[in-house]
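I opened my notebook to look at strands and their partners. Here is what I looked up.

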Amino acid sequence: MRSDAGLLIGMDCSRLDESLLEERCGAMLVVAPISTRAVADLRIFQGVGIEAVELIVLSIGTHSENRLLSTLPPADFELLRRHMRATPLASQAIIWDSGDSITKAYFPHRGAVSLVMVLSGGQMIETAIVGREGMLGGFAALSSHPASYRAIVQIEGAAWVIDMELLRELAQTHESLKAMLFGHERALMAQTQQVAACNASHALEARLCRWLLRACDACGATTLSTTQEAIAEILGVRRTSISLVAHTMQAAGMIRTRRGQIEILNVAGLRDHACECYDKTATNYERMLGTATAGTEAALVD
Ligand SMILES: [Zn+2]
């Protein structure tokens, strides 16, 4: 590390890739996966000595805004962190398609990614949603099989990304990492099965409430950058059907729709109107993450 190393903490580092950061700051950068809230007053440091850089890095700790990564022991988290870089998740970007070989794993810390099946007629039906309490590529890390679904960014954000081969190697030698991958794939499989049952059996209002609550958990936020049209597509229903239900929910003060955004105003109300599928999926995720409080409250308070 050079003595003129720069250190960028928090802020918008997760929206930028490393090369852009280096270009912008003109110095070697240490990009740390830490809470932006915890370091809101810190900015870009340039020209600081190596001791200062090391001191600040040590003070960062091991917190990650990805809740799945936060379940790892500090030493294993630190091992992964050294090999991860931040990458943006642009709205509607396809991370991989069905049949693609998966070369990277993603740990979102903002935004949400839909796992969808694309039918021959062009319909794109969501089977699961993944965000800051999960990852993309867990199955590939355990088995090296190609993707069986399309992963598409539903709500823009950012993720930590790591080379798949490296993650696979590390999982072979670190039991906690392997256990994290297996635990996540179990929760993801359960979510997929629940969504299949939900799509076949439950009313649209209940399904929409379930989806909005799941998206809130995935993003860790109650304002979602998405549209009724996008939700209609992944739920496999007409745009007008979603509009009717959303209008009723808005009139009841449960949500507020604005251009390109849906704001959740009444989480408890949404839970009352959601089908059982939301609670079952949320409970599975909280069990995997080792937290006692199920659902949206837990996802939003940490
Ligand atoms: Zn349901």
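I began with strand β7, residues 150–163, and found it mostly covered: 12 of its 14 residues are buried. Buried means that 20 or more other C-beta atoms lie within 10 Å of the residue's own, exposed means 12 or fewer, and partly exposed lies in between; C-beta atoms are placed from the backbone. Strands here are DSSP runs of E, at least two residues long, numbered from the N terminus.

I noted that this is a predicted model: local features need pLDDT of at least 70, side-chain atom pairs count only at pLDDT 80 or more, and totals for chains, interfaces and linings use all residues. Residues are numbered from 1 along each chain as its sequence is written.

Next I checked pairing, which requires that DSSP finds at least two bridges between two strands. Strands of a sheet pair through backbone hydrogen bonds, either parallel or antiparallel.

Which strands pair with β7? I found β3 (residues 85–89), antiparallel, with 5 bridges. There, Leu 89 has Gly 157 as its bridge partner. I found β4 (residues 94–96), also antiparallel, with 2 bridges. Trp 96 is bridged to Ala 151 of β7. I found β5 (residues 104–118), antiparallel to β7, with 11 bridges. Leu 115 has Ala 151 as its bridge partner in β7.

Then I turned to an open sheet of 3 strands, in the order β8-β10-β9, with antiparallel pairing. β8 (223–224) and β9 (255–258) stand at the edges with a single partner strand each, so one side of each has no neighbour in the sheet. I saw 2 bridges between β8 and β10 (residues 261–264). Thr 223 stands opposite Glu 263 in β10.

Methods: Helices (H or I, at least four residues) and strands (E, at least two) are DSSP runs, numbered from the N terminus.
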